[in-house]
Amino acid sequence: MHGARSTARVRCPTVTRGPDSLVQLGRSQRPTAISPNVSLSPEAPKVYLETFGCQMNQADSALIAGQLAEGGYRRVTKPEDADVVLINTCAVREKAEARVWGRTSQLLRHRDNNPDLVIGITGCMAEHLKEHVGERAPYVTLVAGPDSYRNIAGLLDRARAGERVVETKLDRTEVYEGLDGHPDDDGVSGFVTIQRGCDKFCTFCVVPYTRGRERGVPPREVLRQTRALAAAGYREVVLLGQTVNSYRWPDEQAGRDVRFSDLLRAVAATDGIERVRFTSPYPVDFTPDVIAAMAEVKEICPQVHLPVQSGSNVVLERMRRGYTREQFVTLVDQLRSAIPDLALSTDILVGFCGETEEDHAQTLALVDEIRFDSAFMFAYSDRGITYAGKKLDDDISPETKKRRLQEVIARQEVHTTAAHDARVSTTQRVLVCATAKRGDAMLAKTPQFQNALLPLGCAEPGVFLDVMITRSTGHSLFATPTAQQTP
Ligand code: SF4
């Protein structure tokens, strides 16, 4: 049994305190490695952690895993081996919550062999439902929101002692500065969260309610984490935020705010980091300085995920997205003319309250006009606590939503296939990431974030290779290394 722990905030001793100025946080500082898992006795309580949802949630799971290791918990890879099962959840759509409920009841069967098994949920669904989780699933005895991970080990201790724990207070200042995560990734491409929460309050979205108000992570912390990833052998960094490009941080020394573009340039200048990506930018905040940074800094990948949601101005207004279709198209034109070979992906939400067939036709037309390289497409579901959930009528039938979603998917499929096919017979510089899940190839990423499958064993993860694209399946590329490799 591990010892008692304080609930006071813990700071990593390696964190750089002092000025936030990016100048003072440049290349000259020595990198700090990600702290290794503390050595734990075989009697340490064992935790199984499973993640649903977006990259922010994956990054939060790494944070939770790090805090649990600090708190004396050992991570296991199978729920049957665990004393505690944690599910880090997503609440953005009704379907996502339904999947979590299905999974929690599946996991409940492990109580047959281990009656003391604690089942907990963390993340957006925990924040969304709070104590109501207990009404739906009384066997879930730990409910922890996204701002309660500093003391997640203490919360688990209480749940293991038999208490029903619900900790969902949001904290306007919590950015988890100084904490090191234990990521469960390929060791090649790593996440750095630069912003938490969201202030946009799109009418369909739960995020401002489940993740709280927007706050930036200090530049010193972003760069500390970036250097730690580089020191651990990562070659690519993905900067994360709900509206990542609205990032700002007051820099008193410089007399002006650190903008997202400043941070992008500083991260890209980190020794050892050769690729930088970011997700998800908000269209309104895609300012010229960000476009200029993308055009000028070779480490910043020519890839943007730019959620449009709808092609209808009436629907965009009802969603309170803050831009029109025309403004979105203009932004895309600016990006494409500044950044050659840019890959553009998006999110589309069909069947929002009041969406007419004409609105839907405008979304289909926008998909054809922009020819996104790929898209995540969803049908709207009423999330209750949002403005739309309270004030707007969810008046599109499930059948109509389903049909519209299928139509958008079919339309986008044509463009996704074309974007992949267009790469055939071109030379690309790819970053080898891992052995592909199918086991007979290496998975690599093009600068545009397309999957490229290479001959098994042709290079180790973390290596850059020049490859010739030999064929496309419409969603993946097949490639072979070229005879000549650039250094
Ligand atoms: S910008 Fe809108 S859709 Fe994106 S997280 Fe914020 S409220 Fe949600």
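Why does A96 count as partly exposed?

A: Two notes before we start. Residues are numbered from 1 along each chain as its sequence is written. The model is predicted, so local features need pLDDT of at least 70 and side-chain atom pairs count only at pLDDT 80 or more, whereas totals for chains, interfaces and linings use all residues.

A96 counts as partly exposed because 18 other C-beta atoms lie within 10 Å. The cut-offs are these: 20 or more such atoms within 10 Å make a residue buried, 12 or fewer make it exposed, and anything in between is partly exposed, with C-beta atoms placed from the backbone. You can find A96 in helix α2, residues 94-107. Helices (H or I, at least four residues) and strands (E, at least two) are DSSP runs, numbered from the N terminus. Setting aside neighbours within four places in sequence, A96 is in contact with F52, G53, C90 and A91; contact here means C-beta atoms, placed from the backbone, within 7 Å. P340 sits 244 residues away from A96 along the chain, and their C-alpha atoms are 36 Å apart.

Two other partly exposed residues come with a backbone detail. K130, in the loop between α3 (124-129) and α4 (132-136), has a positive phi near 45 degrees although it is not glycine. It has 14 other C-beta atoms within 10 Å, which means partly exposed. R371, also not a glycine, has a positive phi of about 55 degrees and lies in the loop between α12 (357-370) and β16 (374-379). R371 is partly exposed too, with 14 other C-beta atoms within 10 Å.

For a contrast, visit α8, where seven of its nine residues are buried. They are F260, S261, D262, L263, L264, V267 and A268. These buried residues pack against α7 (219-231), β10 (236-240), β12 (256-259), β13 (275-279) and α9.

Let's follow two of those partners. Two packed helices are described by the angle between their axes and the distance between the axes. Axes are lines fitted to C-alpha atoms, for helices over the stretch in contact, and angles run from 0 to 180 degrees between N-to-C directions. Helix α8 (residues 260-268) and helix α9 (residues 288-296) pack at about 20 degrees, their axes 8 Å apart. That makes α8 roughly parallel to α9, where angles under 35 degrees count as roughly parallel, over 145 as roughly antiparallel, 65 to 115 as roughly perpendicular and the rest as oblique. F260, S261, L264 and R265 of α8 meet D289, V290 and A293 of α9.

With α7, the axes of α7 and α8 come within 10 Å and cross at roughly 25 degrees. That makes α7 roughly parallel to α8. Here P219, V222, L223 and T226 of α7 touch L263, A266 and V267 of α8.

One last stop is a peptide bond: T279 and S280 are joined in cis, with omega about -10 degrees. S280 belongs to the loop between β13 and α9.

Conventions: Two residues are in contact if their C-beta atoms, placed from the backbone, lie within 7 Å.
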